[in-house]
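Please look over the sequence and the model below before reading on.

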Amino acid sequence: MSAPMNIGEAAKASGVSAKMIRHYESVGLFPEASRTEAGYRQYSEKEVSTLRFVRQSRDLGFSIEQIRELLGLWQNRRRPSRQVKALAEAHLQELEQKLQELQAMKSTLQHLVHCCHGDDRPDCPILDTLAQGEPVAVAHGPRNGLRPGKAAA
């Protein structure tokens with residue numbers, strides 16, 4: 001069994017910053033560390049492994065609440081894997097929706113950039129569109145008559 005690590009060592013070993021370790025402790029995602037008599041946090045290899053799990057989950061875009069659920073499933077060896085799969089599939093659907101929204105925003109912005117002359121004239125379709133009260137882009141594509149690939153007059 002390896003010696004306990006301080007927060008800096010645990011941060012380096014797990015890839016999670018000391019600040020985020022403290023945050024995860026404060027929101028109850030990660031249990032508060034044991035402390036030395038001087039008050040320094042101490043982490044075991046098992047706790048560092050849990051921090052790696054959290055980091056990997058964050059890298060995949062899972063929310064704090066989803067990670068809390070994943071941790072519970074990971075620590076429960078009697079759980080059916082279908083629960084894990086269902087959570088991952090739900091997250092995948094969220095990511096797909098976000099991806100569609102980002103693609104619509106990109107398409108609209110590309111069109112606006114294309115339509116802007118970018119010269120000394122004051123008129124600018126980018127600013128004109130931003131000044132409108134309606135949403136510029138949605139998951140279904142651009143609005144307000146703007147269509148990617150069509151130049152503005």
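**Note on the predicted model**

1. His111 has its place in helix H5, where helices (H or I, at least four residues) and strands (E, at least two) are DSSP runs numbered from the N terminus. His111 is buried, because its relative accessible area is 5%, and the term buried means under 20% relative accessible area, while exposed means over 50% and partly exposed lies in between (1.4 Å probe, protein chains only). Along the chain His111 and Pro125 are 14 residues apart, and their C-alpha atoms are separated by 9.8 Å.

2. A word on how to read the values: this is a predicted model, in which local features need pLDDT of at least 70 and side-chain atom pairs count only at pLDDT 80 or more, whereas totals for chains, interfaces and linings use all residues. Residues are numbered from 1 along each chain as its sequence is written, and side-chain values use heavy atoms, with hydrogens and water left out.

3. For the chain as a whole, the secondary structure of the protein chain comes to six helices and four strands, and from the N terminus on the elements follow the order α-α-β-β-α-α-α-α-β-β. Of the 153 residues in the protein chain, 26% are buried. Among the contacts in the protein chain with a separation of 6 or more, 51% are between residues 24 or more positions apart, a contact being heavy atoms within 4.5 Å.

4. How are two packed helices described? They are described by the angle between their axes and the distance between the axes. H1 and H2 pack at an angle of about 100°, and their axes are 9 Å apart; here axes are lines fitted to C-alpha atoms, for helices over the stretch in contact, and angles run from 0 to 180 degrees between N-to-C directions. H1 and H2 are therefore roughly perpendicular to each other, since angles of 65 to 115 degrees count as roughly perpendicular, under 35 as roughly parallel, over 145 as roughly antiparallel and the rest as oblique. On the H1 side the contact is made by Ile7, Ala10 and Ala11, and on the H2 side by Ala18, Ile21 and Arg22. These residues of the contact of H1 with H2 divide into five nonpolar, no polar and one charged, where Ala, Val, Leu, Ile, Met, Phe, Trp, Tyr, Cys and Pro count as nonpolar, Asp, Glu, Lys and Arg as charged, and the others, Gly among them, as polar.

5. Gly15 lies in the loop between helix H1 (7-14) and helix H2 (18-26). Is Gly15 buried, exposed or partly exposed? Gly15 counts as partly exposed because its relative accessibility is 49%. Gly15 and Leu51 are 36 residues apart in sequence, and in space they are 8.0 Å apart, C-alpha to C-alpha.

6. Arg41 lies in strand E2, which covers residues 41-42, and Arg41 is buried, with a relative accessible area of 18%. The side chains of Arg41 and Glu25 are joined by a polar contact of 2.9 Å (a pair of N or O atoms within 3.5 Å; within protein, one must be able to donate a hydrogen and the other to accept it, and residues adjacent in sequence count only if both atoms are side-chain atoms). Leaving out residues up to four places away in sequence, Arg41 touches a set of residues including Met5, Asn6, Ile7, Arg22 and Glu25.

7. The axes of helix H3 (residues 45-59) and H4 come within 10 Å and cross at roughly 135°, which makes H3 oblique to H4. In H3, Ser49, Thr50, Phe53, Val54, Ser57 and Arg58 meet Ile64, Ile67, Leu70, Leu71 and Trp74 in H4. By class, the contact of H3 with H4 has seven nonpolar, three polar and one charged residues.

8. Helix H4 (residues 64-75) and helix H5 (residues 81-115) have axes that come within 10 Å and cross at roughly 160°, and H4 and H5 are therefore roughly antiparallel to each other. Gln66, Glu69, Leu70 and Leu73 in H4 meet Gln83, Val84, Leu87, His91 and Glu94 in H5. Val84, found in helix H5, counts as partly exposed at 27% relative accessibility, and touches Leu70, Leu73 and Arg79, not counting residues up to four places away in sequence.
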